[in-house]
Amino acid sequence: MRVRLFNHLIKIVWIYLLVYLAFDFFLLWKDPFLSKPLFIALAVISGFAVTGWIYVTVRIALFKSKLVRLLNLLFEDNYDAGMPNNPALSDELFSVADLINKVAGRLKTFDRLRQEKVEFHSKALDLISRMTEEGIMTANLETRKFHLNPVVQEMFDLKLEEVEFDAIEHRQANKEFFQAFWEATRYQKVGMEKSVQLQLPVRDKTLFVSATILPLKDRDENVKLAVIFLRDVPQGDTLAR
């Protein structure tokens with residue numbers, strides 16, 4: 001019985017406040033100049049009403065604060081977050097908070113599955129790029145890094161597996177390459193092929209290559225990963241720096 005009452009505590013308090021107001025109005029209507037017994041009774045009832053009003057107000061304010069904090073953490077992709085819930089206060093807001101925590105837990109599960117799927121695809125793509133005889137660069141637009149497979153490393157006499165966008169984007173020799181790259185991944189978001197110069201750091205070796213840029217879009221049509229096939233243009237030799 002106690003648990004059932006607590007499960008509807010806020011409803012009970014609100015009903016009590018309404019009853020109190022009705023009773024208060026009735027007493028004042030019946031006897032504008034309250035006798036001492038009625039005054040004491042009204043004072044006791046008022047005390048309970050004020051206590052209930054304070055409880056509901058504080059409970060809702062704290063619940064709102066916890067909910068806003070949780071939502072901000074979820075918007076920051078922190079799916080380990082939860083909403084503190086006191087079992088001693090097993091009212092309606094306790095049930096709502098418990099349901100919200102279950103939703104947050106489900107989001108955490110979905111995020112873990114998404115990360116595992118992305119990791120699996122990344123490993124599969126990395127394995128393919130290592131085993132193929134073609135030059136392949138994979139571009140991660142979130143980390144702004146190119147991953148070079150062994151063929152590309154050999155083409156440019158490098159021993160680097162990763163190159164940051166910023167390390168090569170502003171080089172004059174790479175101007176046409178990045179124009180095509182951003183056109184394919186940011187604007188048109190479709191595959192394209194173009195013959196361009198490409199210069200990579202360390203040795204600053206510049207090659208004239210045919211670059212096939214294939215953007216990979218998610219469900220929202222956003223490009224977060226792109227695969228770039230690089231092939232030497234037959235008549236293109238290494239260009240002077």
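# A tour from cavity to sheet

Helix 3 (36–75) and helix 4 (92–131) each put at least two residues into the lining of the largest cavity. Keep in mind that this is a predicted model.

**Stop 1: the cavity.** Select R59, L62, F63, K66, M83, P84, N85, L93 and A97, which line the largest cavity. Helix 3 is the top contributor here, with four residues. The volume is about 40 Å³. What classes of residue make up this lining? Six are nonpolar, one is polar and two are charged. The structure has one cavity of 30 Å³ or more.

**Stop 2: a pocket.** Now select D77, Y79, L107, F110, D111 and R114. These residues line the second largest pocket. The space inside comes to about 160 Å³. Colour the lining by class: three residues are nonpolar, three are charged and none is polar.

**Stop 3: the whole chain.** Zoom out and switch to cartoon. How many helices and strands does the chain have? There are seven helices and six strands. Trace them along the sequence and the order reads α-α-α-α-β-β-α-β-α-α-β-β-β. Of the 241 residues, 32% count as buried. Show the surface next: the chain exposes about 16100 Å², and carbon and sulfur atoms supply 61% of that area. Contacts also reach along the sequence. Taking those between residues at least 6 apart, 50% join residues at least 24 apart.

**Stop 4: strand 1 and its partners.** Select residues 135–140, which are strand 1. Is strand 1 largely enclosed or open? Five of its six residues are buried, so strand 1 is largely enclosed by the rest of the structure.

Look to strand 6 (223–232). Strands 1 and 6 run antiparallel and are joined by six bridges.

Then turn to strand 2 (145–148). Strand 2 is also antiparallel to strand 1, with four bridges between them. Which residue of strand 2 is the bridge partner of N140? The partner is K145. Strands 1 and 2 form a hairpin, with four residues between them. Stop at R144 in the turn, where phi is positive at about 55°.

**Stop 5: helix 7.** Select residues 175–187, the span of helix 7. Show side chains for F177, F178, A180, F181, W182, A184 and T185, the buried residues of this helix. What do they pack against? Strand 1 and strand 2 are among the partners, and so are helix 6 (165–168), strand 4 (192–199), strand 5 (206–217) and strand 6. Step just past the helix to K189, which takes a positive phi of about 60°.

**Stop 6: F178.** Finish on one side chain. F178 sits in helix 7. Is F178 buried or exposed? Its relative accessibility is 3%, under the 20% cut-off, so F178 counts as buried. Which residues touch F178, apart from neighbours within four places in sequence? They are F146, F165, I168 and E169. Last, draw a distance from F178 to V196. The two are 18 residues apart in sequence, and their C-alpha atoms are 9.5 Å apart.

How values were computed: Residues are numbered from 1 along each chain as its sequence is written. This is a predicted model: local features need pLDDT of at least 70, side-chain atom pairs count only at pLDDT 80 or more; totals for chains, interfaces and linings use all residues. Side-chain values use heavy atoms; hydrogens and water are left out. On a 1 Å grid over the protein atoms alone, a cavity is a set of points where a 1.4 Å probe fits but cannot get out, and a pocket is an open set with protein on both sides within 12 Å along at least five of seven lines; lining residues have an atom within 4 Å of a point. Grid points are joined across faces, edges and corners, and a volume is the space filled by probe spheres set on the points. Ala, Val, Leu, Ile, Met, Phe, Trp, Tyr, Cys and Pro count as nonpolar, Asp, Glu, Lys and Arg as charged, and the others, Gly among them, as polar. Buried means under 20% relative accessible area, exposed over 50%, partly exposed in between (1.4 Å probe, protein chains only). Contact means heavy atoms within 4.5 Å. Accessible areas come from the Shrake-Rupley method with a 1.4 Å probe; for residues, only the protein chains shown count as cover. Two strands pair if DSSP finds at least two bridges between them.
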